[in-house]
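Welcome! Here is a short briefing to read alongside the structure below.

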Amino acid sequence: MASKNDPFQFQEFDEAGDLLEANRDAVTISIENEDLKSQRPRSTVGFAQDAADEEPLISDDREELLSGQKKSAPFWTFEYYQRFFDIETHHVKERILGSLAPWPGKNFIQAYLRKNPDLYGPFWICTTLVFAIAISGNIANFLQHYGNPGHKYTPDFRKVSIAATAIFSYAWFVPLGLWGLLLWRNNKILNLVSYSFMEIVCVYGYSLSVYIPAVVLWILPYEWLRWVTIAVALCLSGSVLVMTFWPALRDDHPKVIIATVSGIVLLNALLAVGCKMYFFSKPEPGKEPGLMVNSSPTVKAIKVTSP
Amino acid sequence: MALAEEASTPFVGLSNVSISEEIPVEGNITVPAGPSTRDDAFSTLDEPVKETILRDLRAVGNKFFHVLYPKRSSALLRDWDLWGPLLLCVTLALLLQGGAADSDDQGGPQFAEVFVIIWFGSIVITLNSKLLGGTISFFQSLCVLGYCIMPLTMALVVCRIVLLSGSGMVSFAVRLAVVTASFGWSTFASTAFLADSQLSNRKALAIYPVFLFYFVIGWMILTFSPRN
């Protein structure tokens with residue numbers, strides 16, 4: 001390639017060879033080098049060819065580096081999983097903010113993941129959500145029965161294990177199903193966009209991050225507030241998911257598109273509403289917690305008077 | 001003939017060698033006494049049992065002291081041990097028993113649950129730190145995380161004493177203050193030991209799980225309510 005592209009380098013080689021043959025003791029080439037360098041900016045053709053000549057050298061190094069990076073260790077070694085933690089603090093922050101504020105047209109995977117899916121975000125967001133649900137559920141339970149002397153508050157630790165099971169299975173099995181579905185459709189219809197399993201897990205994990213502030217808001221025992229936060233959270237996380245998978249489904253059969261999109265949204269809604277129903281019991285209809293302190297003496301009075 | 005004579009009687013040739021005066025030969029020949037005394041120093045088989053136990057207790061106590069006054073030191077990392085974490089974990093789990101929910105089939109943490117949360121949580125945090133490329137070893141990290149539970153254990157002892165006097169609003173406020181202070185102390189102590197082992201652009205990623213871990217333990221301590 002050098003001989004084809006760059007006349008200057010070819011010349012240099014030739015002259016050096018001649019010089020060496022002529023005089024073995026000759027010190028070579030410093031003058032030629034200077035000429036080469038000074039001639040580079042002068043002619044644009046030469047410059048372009050120089051750059052093109054440098055390219056193979058640089059791209060060889062780059063290829064070596066890249067191939068070193070992409071070398072995949074077998075999945076039973078530690079290094080395989082270390083690949084998914086190759087992430088920095090500001091990356092995680094960007095990804096979480098990106099999932100909290102979906103922008104129309106901005107595909108989460110293409111905008112934020114950029115072929116570097118990580119397992120740190122999904123795992124710790126799910127864990128935080130599990131503990132947030134358990135703690136908020138306990139606090140909400142406590143606040144609801146606050147004025148009631150008859151009710152003894154007991155911290156319910158079963159909530160942790162149930163919440164963990166629900167959330168982690170949502171964050172792992174739904175992506176698995178979706179990935180299998182995309183793979184199946186990919187065989188039938190040639191799609192331009194295909195996502196790897198880790199990327200789908202990553203999107204699902206980060207889309208759950210909007211529920212953490214929602215769950216903290218559920219502590220306040222107002223039904224309307226809880227439903228409003230569910231609706232908002234559902235909109236945000238649902239839109240992140242739908243906008244991410246839209247390019248992959250766009251070219252498909254309309255029925256499949258509708259079924260998949262509604263499936264994604266429905267499962268998300270099911271998780272949110274299910275968590276709310278199970279962990280946060282409804283306050284008594286018509287009674288706000290503040291009123292319960294006043295109502296209990298009347299209840300006691302009624303009990304005394306009735307035979 | 002002379003050769004045969006020399007061969008038959010060894011060292012005969014040496015008697016003919018003379019060292020001239022011009023080349024002084026002097027020096028010391030010392031036999032290194034290392035191996036034999038090293039064996040004696042490390043052989044702890046003959047020492048009294050009290051000495052053995054006291055040595056380990058002193059090491060554990062030294063580490064407790066370093067957690068109480070955390071400054072950037074490598075004392076916990078250099079010679080790690082898991083006795084301290086085990087002791088603290090058992091104390092914490094025992095003190096969290098005897099709660100009001102204990103008699104029912106639900107509610108408060110069972111002994112095994114506390115154990116699992118502490119050890120499984122420490123292992124997960126250590127794995128996370130190693131996956132992020134931390135330079136700390138597995139057991140060193142377990143050691144640090146376990147020892148830094150000590151402020152929270154002390155908070156639990158204080159909480160139980162405060163609860164003896166009643167469980168109203170005032171006692172709740174006092175317990176909240178104590179648990180918050182000890183949670184901050186634990187997190188600060190563990191970051192003082194663990195911070196140097198991570199790259200600066202991933203420090204927050206490695207510290208956040210530690211924060212979550214101590215928060216959950218603090219929560220368990222705060223919500224402990226005694227049997228009436």
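Between chain A and chain B there is 1 salt bridge. Its partners are Asp86(A) and Arg202(B), whose closest N and O atoms lie 2.9 Å apart. Please keep in mind that this is a predicted model.

**Where the two chains meet**

- On the side of chain A that touches chain B, the elements giving two or more residues are α5 (78-82), α6 (89-100) and α8 of chain A.
- With 9 residues, α8(A) provides the largest share of that side.
- Sorted by class, the side of chain A that touches chain B holds 15 nonpolar, 6 polar and 5 charged residues.

**How much is covered**

- In terms of contacts, 26 residues of chain A meet 33 residues of chain B.
- About 2,500 Å² is buried between chain A and chain B, and carbon and sulfur atoms give 67% of that area.
- Tyr120(A), Trp124(A) and Phe157(A) together supply 25% of the area that chain A buries against chain B, more than any other three residues.

**A look at helix α8 of chain A**

- Helix α8 of chain A covers residues 120-144, and at 1.5 Å a residue its 25 residues should span 36 Å.
- Most of α8(A) is covered, as 20 of its 25 residues are buried.

Key: Residues are numbered from 1 along each chain as its sequence is written. Chains are lettered from A and ligands numbered from 1 in the order in which they are written. This is a predicted model: local features need pLDDT of at least 70, side-chain atom pairs count only at pLDDT 80 or more; totals for chains, interfaces and linings use all residues. Side-chain values use heavy atoms; hydrogens and water are left out. Helices (H or I, at least four residues) and strands (E, at least two) are DSSP runs, numbered from the N terminus. The expected span of a helix is 1.5 Å times one less than its number of residues. Buried means under 20% relative accessible area, exposed over 50%, partly exposed in between (1.4 Å probe, protein chains only). Contact means heavy atoms within 4.5 Å. Buried area is the accessible area (1.4 Å probe) that two parts lose on being put together, summed over both. A salt bridge is a side-chain nitrogen of Lys or Arg within 4 Å of a carboxyl oxygen of Asp or Glu. Ala, Val, Leu, Ile, Met, Phe, Trp, Tyr, Cys and Pro count as nonpolar, Asp, Glu, Lys and Arg as charged, and the others, Gly among them, as polar.
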